[in-house]
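Reader: Let us go through the pockets, the ligand and the cavity in turn. Where would you begin?

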Amino acid sequence: HITLPTKVKQIISKLEKADFEAYAVGGCVRDSILGRSPEDWDITTSAKPEEVKRLFSATIDTGLQHGTVTVVIEKEGFEVTTFRLDGDYTDGRHPDRVAFTSSLTEDLRRRDFTINAMAYSEKRGLIDEFDGERDLEDGIIRAVGDACERFSEDALRMLRAIRFAGQLNFKIADETFDAIKEFSPNIAKVSVERIAKELEKLLLSGNPEYIALVYETGIFSVIAPEVAMLFENGEISASIKALSKASFPEKKELYQIRLAIFLEGLGADKAANLLKRLKLDNDTINTVKKLLGLSLREVENNETDMRRTVKEAGHKMMPLLLEMRRAKGLKDNKDLYQTVIDNGYCTSISELNINGKDLMDAGIPKGALIGSTLERLLELVIEKPELNTRESLLLEVRRNEE
Ligand code: ATP
Ligand code: MG
């Protein structure tokens, strides 16, 4: 029940014709069996990188030291990796050396979870030496071999386990879960960038509430003690429930909304500091910080309140703020916001029908007074939108001068 894309078939059969073994492997096999469409197709082969390069006309040296060559067919790239054994992991992050092997079984054994350790080719069918297919059916994330050993080799796998559980709505096998609890302190060996990437995939998954497992396993105590505190104080359960309710067309914004919901208990400043430590991009840090500032505002009762909220938030932030509220079960006032848009109400200084130069022409001296006058006029227009005409605003300026 696995249908390989034509180009993958081409690569595999070319390798086989040259007397090598070759298979689709890992995530693509897992996703095909699940009926999900794989993001990319990885190929594992007994051919050495030099042999792969010799067989295909267009290749890229992606990671020769790890045995990976990208084969390019009509602008589409496929990673072809030589059967590999990982050496010892003395740093808990990377194998000290990798060695090539002629055994597919050994290559599969180094992989993280049973569901990720299956290979497939048309010639040999499904190769499933660790009962990955059964775990797929049962919905279980289970380490290949001894879980403690596997997590002590590479601590990132602990977060990968939780992330896959969230993406696939699977349960983590008891012995695998216990091993994560035991080895959670090792997460400190993993770079913040890799940690952040896994947390992002988890928060964007269909089951973002699985982020609670990052606390339950002890991982948050290591990477973000302030978040662990939120769990300990029981302050976070409403946020966790709201996570999956948030939706948004673009991934980046959805991630920002879910981060804001998740970190609300920290407040804007602490949340921003955490996101800086995790080295997230500035746009995400600033957006989450702003959303958390805004989420303290009371929900609007009328159009004037809404104009004031838009003034604070800006139009770019409004859909995120409203979605955050909706997910939390608060009144989102999307209709009220729509009236601000439909009427083209002024909510910023740049939308006033008067500018700094007009004020100077009207006799206001250059300097701070210009800015504060514009602020005052904006406040007035927020209360009374009909006053946003050049004449009314100039009249107001002159009246104030007297
Ligand atoms: P996705 O790409 O959808 O996130 P994937 O399973 O394809 O999932 P990748 O990170 O692309 O994950 O890795 C491809 C394969 O390489 C995995 O399926 C697994 O077999 C193996 N693998 C990846 N990372 C590790 C790791 N840290 N330890 C052991 N095996 C790994
Ligand atoms: Mg992949």
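Author: I would begin with the second largest pocket, whose lining takes at least three residues from domain 1 (1-132) and at least three from domain 2 (139-223); the bounds come from an automatic or database domain assignment. The model is predicted, with local features requiring pLDDT of at least 70 and side-chain atom pairs pLDDT 80 or more, while totals for chains, interfaces and linings use all residues. Residues are numbered from 1 along each chain as written, chains are lettered from A and ligands numbered from 1 in written order, and side-chain values use heavy atoms without hydrogens or water.

Reader: Which residues lie nearest the centre of that second largest pocket?

Author: They are Asp-86, Arg-109, Arg-110, Arg-150 and Glu-153, out of 14 lining residues. β6, α4 (104-109) and α6 (147-153) each give two or more residues to this lining. (Helices, H or I of at least four residues, and strands, E of at least two, are DSSP runs numbered from the N terminus.)

Reader: And what volume does the second largest pocket have?

Author: Its volume is about 190 Å³, taken as the space filled by probe spheres on grid points joined across faces, edges and corners. A pocket here is an open set of points on a 1 Å grid over the protein atoms alone, with protein on both sides within 12 Å along at least five of seven lines; a cavity is a set where a 1.4 Å probe fits but cannot get out, and lining residues have an atom within 4 Å of a point.

Reader: What is the class make-up of that lining?

Author: Nine of its residues are charged, three nonpolar and two polar. (Asp, Glu, Lys and Arg are charged; Ala, Val, Leu, Ile, Met, Phe, Trp, Tyr, Cys and Pro nonpolar; the others, Gly among them, polar.)

Reader: Turning to the largest pocket, how many residues line it?

Author: The largest pocket has 48 lining residues, with Asp-42, Arg-160, Arg-163, Phe-164 and Lys-201 nearest its centre. It holds about 1,700 Å³ of space, and its lining comprises 23 charged, 13 nonpolar and 12 polar residues.

Reader: Which element supplies the largest share of that lining?

Author: α7 does, with seven residues. Elements that supply at least two also include α2 (27-34), β2 (42-45) and α9 (192-203).

Reader: Why does the largest pocket lie between two domains?

Author: Domain 1 and domain 2 both give residues to its lining, so the largest pocket lies between them.

Reader: On to the ligand: which polar contacts does it have?

Author: Taking pairs of N or O atoms within 3.5 Å, an oxygen atom of ligand 1 is 2.9 Å from a polar backbone atom of Asn-116. A polar side-chain atom of Arg-160 is 3.0 Å from a ligand 1 oxygen atom, and a backbone N or O atom of Gly-27 is 3.2 Å from one.

Reader: Finally, how many cavities of 30 Å³ or more are there?

Author: The search of the whole structure finds one.

Reader: Is the lining of the largest cavity mostly nonpolar or charged?

Author: Nonpolar: 13 residues are nonpolar, one is charged and none is polar. Domain 2 and domain 3 (245-338) both contribute residues to the lining, so the largest cavity lies between them.

Notes: A polar contact is a pair of N or O atoms within 3.5 Å; within protein, one must be able to donate a hydrogen and the other to accept it, and residues adjacent in sequence count only if both atoms are side-chain atoms.
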